[in-house]
Amino acid sequence: MVLTTAITKDMFSIFLINITVPIIAGIVYFIMAFEVRKVGKIRQIIFGEIGYRKVFDAFILFGIYFLTRPLQNIIGQHPWPMVVNCLRQFFLMAVISPAILISIFYLDSDEDELPRIFKIASYSVGFLMALIFILVNIAAIDNARVIASFSGLKLYDAVWFGSGPQKIELVLIHLVSQLISPVGFFILSVVIVRHRRHNYPPNSIYNQMPLKWKYLETGLEIFIISMVAAGFAALFGHYYTYLWVIYFIGAIISGLMELKSVKIPPRTTPKDLK
């Protein structure tokens with residue numbers, strides 16, 4: 001009886017970590033996108049149409065990224081968990097992360113058009129890191145194991161170094177590629193937001209912009225910390241995939257902070273901006 005209860009709790013934890021939490025994260029980002037579109041209909045006139053549109057697109061992409069996470073476990077045996085992981089991470093590293101950085105630049109109507117070379121460089125770096133990530137995945141993942149079963153539905157998880165010793169150099173390359181994209185892109189975004197927050201004109205009619213920037217900055221920092229923490233936990237925990245729940249929870253908290261930033265009016269009495 002005790003063993004059955006322990007197994008049931010373990011199965012529940014696995015389902016919660018791999019299925020429920022990513023779905024919640026995806027829903028949070030879709031809600032954020034909806035809020036951006038709602039407030040952007042008026043505020044984009046003042047703060048830049050391109051910025052709001054790009055932020056909306058980025059949040060939609062993040063929603064898709066998180067909502068597709070359960071496919072990694074339910075689609076089937078090896079190589080499918082690895083294939084889904086590669087596709088999702090390519091989406092994050094080569095598309096979403098550069099889009100977030102570029103959208104931060106545009107989230108201010110005073111900003112000039114970004115040089116084309118900057119956009120090309122951003123997406124090129126993201127693409128290169130994503131390619132490295134995929135190649136390491138192919139070299140390191142050689143199997144999949146059943147981590148849980150619910151009424152005939154089996155959840156699979158990719159197995160690293162299943163047929164041989166762990167190659168720490170591959171793990172490090174894997175983590176460094178993610179440290180550059182998406183983490184590096186978000187660090188640059190934080191630098192940009194912090195610079196704008198600390199250099200915003202104190203006599204501006206839009207006196208709540210520093211507060212909006214502060215929430216956005218905090219949200220990005222939480223995202224960065226959660227991903228770095230999950231990466232180190234995975235490294236020292238023999239690269240167990242479930243440790244990425246740290247990242248999923250961090251993404252949810254980050255999303256809520258960024259949603260708060262979007263909903264704060266740009267000035268204390270925004271009768272014309274509600």
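Here is a short tour of this structure, stop by stop.

**Before you click.** You're looking at a predicted model, where local features need pLDDT of at least 70, side-chain atom pairs count only at pLDDT 80 or more, and totals for chains, interfaces and linings use all residues. Residues are numbered from 1 along each chain as its sequence is written, and side-chain values use heavy atoms, with hydrogens and water left out.

**Stop 1: the whole chain.** Switch to cartoon view and you'll find eight helices and two strands. From the N terminus, the order is α-α-α-α-α-β-β-α-α-α. (Helices are DSSP runs of H or I with at least four residues, strands are runs of E with at least two.) The chain has 274 residues, and 49% of them count as buried; that word means under 20% relative accessible area, while exposed means over 50% and partly exposed is in between, with a 1.4 Å probe and protein chains only.

Stop 2: Select E35 and K38, whose side chains meet in a salt bridge at 3.5 Å, N to O. (That takes a side-chain nitrogen of Lys or Arg within 4 Å of a carboxyl oxygen of Asp or Glu.) Both sit in helix α1, residues 2-47, three residues apart, about one turn of the helix. Buried or partly exposed: which is E35? E35 is buried, at 10% relative accessible area, whereas K38 is partly exposed at 45%.

**Stop 3: a salt bridge between helices.** Now pick E217 and R194: their side chains meet at 2.7 Å, N to O, in another salt bridge. E217 is in helix α7 and R194 in helix α6, so the pair ties together parts 23 residues apart in sequence. E217 is buried at 4% relative accessibility, while R194 is partly exposed at 36%.

**Stop 4: a greasy-looking surface.** Show F127, L128, L131, L135 and I138, which form a nonpolar patch on the surface. (Patch residues have over 30% relative accessible area and no salt bridge; like charges are joined within 9 Å, and nonpolar side chains, meaning Val, Leu, Ile, Met, Phe, Trp and Tyr, within 5 Å.) Together they have about 470 Å² of accessible area, by the Shrake-Rupley method with a 1.4 Å probe. L128 lies in helix α5, residues 116-140.
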